[in-house]
Amino acid sequence: MTRFGLLLLGYLALTVSSLAQSSTPSDIIVGPQARVIQQSAIVVDTHADTPQRFLDDGFDIGSTDPHDIGHLSLDKAQGGNLGAEFFSIWVDPETNKGHFAQHTFDLIDSVYEQAARHPDRMMMAFSVADIERAHGEHKLAALMGIEGGHSIENDMHLLRDYYRLGVRYMTLSWSNTNEWADSSGDINDATIQHHNGLTDFGKQVVLEMNRLGMMVDISHVADKTFWDAIATTKAPVIASHSSARALVNAPRNMTDDMLRAVAQNGGVVQVNFFSGFLDEDYRKAVEAQAKDQAAAIQKYIDSLKAAGKPVSYVEVDRMERAWMAKIPRPPFKVLIDHIDHIARIAGVDHVGLGSDFDGVSGATPRGMDSAADLPKIAQALLDRGYSADDIKKILGGNLLRVFRQVETFSQERQSQSH
């Protein structure tokens, strides 16, 4: 995901946002069989950054604005038969220093407010049963995942509070290393204090998440942090929005050994739709212009600060889109290539969808312009010989299985402690 707060070159090279949505037509025509599969599935996406728009841009998920450049709205979700969305609760560690928890609560509140505004089409969900109920009522199930362990401010009480408010996964780190978990985003930065993976407290966080029934998310973490999490957890893990490093050499992606480890753990890897994680040429183009882009955006931010004005998320996002519009979007097939690779290496029971909608400023492959385009994935998988049952697993069934297993482990652990 890409946000304006961290403009260091290392971050931008990995997570820079991109061009506005393209009107380029997709080469994927969704046929009747794929439509039937899509409509019969509970489609689950584990990562959308739309809460940034709720809070910073006053965006209403019920918007019918035909010019809205966002990936997600209720109409777009309905168009793609999206059944459940995990809204990302991401706190910029640079602009929110000293009040991570406050901003976390504000973002959580923004999701609740959207659900309250549209009770006929959207409902808060906290369990697999809730997702299934929402599906039966033809409503979007709204769930939440915290993106970055810095949100707990090194306090297990806050972790429990977030769970009580409905947070059902937490990414152990974002692009910043925190006090207890190393990140892939700054692992090579000698100025950052690293921990060689998870600290003892970090391992306790993982175990407490297991006890609570909160899924452990290993997207964004450094490789050693991943292996420490796998060795520590007692329940299946998820990668909420990560792709395959064998295809694109980004540290945010997962190696084949990692994919096999997630499979052995019983977890699931949710493929990220960001072109910089899906296409090697695109990734290199991002890196090539990252330094100039960072300088231009930093100059803008400095000018705002000098004038005593707040840093505008919307304006910086506009600048990022303009810069990245110089890079052509890759074809739709690169997304399917990553799903296919993970299915072959980890197994078809261990891959799903973690779009990063609204977190990459439109930098998705051609033809994937919003949640309304999700049925194209079903069609593309059909074209590659996947069965209807396997496609439904990828669309959401695998994530629901892992979520259910995490719930079951939590219930058993808590019953043993009483």
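A: Rings of Phe, Tyr and Trp (its six-membered ring) are taken as a pair if their centres lie within 6.5 Å, and planes under 30 degrees apart count as stacked, over 60 as edge-to-face and the rest as tilted. On that basis, a search of the whole structure finds twelve aromatic pairs. In one of them, F54 and F59, the ring centres are 6.4 Å apart and the planes stand at 0 degrees, so this pair is stacked. The model is a predicted one, in which local features need pLDDT of at least 70 and side-chain atom pairs count only at pLDDT 80 or more, while totals for chains, interfaces and linings use all residues. Residues are numbered from 1 along each chain as its sequence is written, and side-chain values use heavy atoms, with hydrogens and water left out.

Burial is described by relative accessible area, with buried meaning under 20%, exposed over 50% and partly exposed in between (1.4 Å probe, protein chains only). F54 counts as buried because its relative accessibility is 8%, and F59 is likewise buried at 8%. Ring pairs join F54, F59 and F87 into a cluster.

Another aromatic pair, F274 and Y282, is edge-to-face, with 6.3 Å from centre to centre and 85 degrees between the planes. F274 is buried at 2% relative accessibility, and Y282 is buried with a relative accessible area of 2%.

The surroundings can be followed through the helices and strands, which are DSSP runs numbered from the N terminus (helices H or I, at least four residues; strands E, at least two). In helix α9 (residues 223-232), the buried residues are T225, F226, D228, A229, I230 and T232. The cover over these buried residues of α9 includes α8 (200-212), β7 (237-239) and α10 (256-265). Helix α6 (residues 128-136) holds D130, which counts as buried because its relative accessibility is 15%. Contact means heavy atoms within 4.5 Å, and, leaving aside neighbours within four places in sequence, D130 is in contact with M123 and A125.

Grid points are joined across faces, edges and corners, and a volume is the space filled by probe spheres set on the points. The second largest pocket has a volume of about 310 Å³. Of the 13 residues that line this pocket, the closest to its centre are Q78, N81, L82, H138 and K139. The elements giving two or more residues to its lining are α4 (74-79), β2 (82-90) and α6, and α4 supplies the largest share, three residues.

Key. 1 Å grid on protein atoms, 1.4 Å probe; cavity = no way out; pocket = protein on both sides within 12 Å on 5 of 7 lines; lining within 4 Å.
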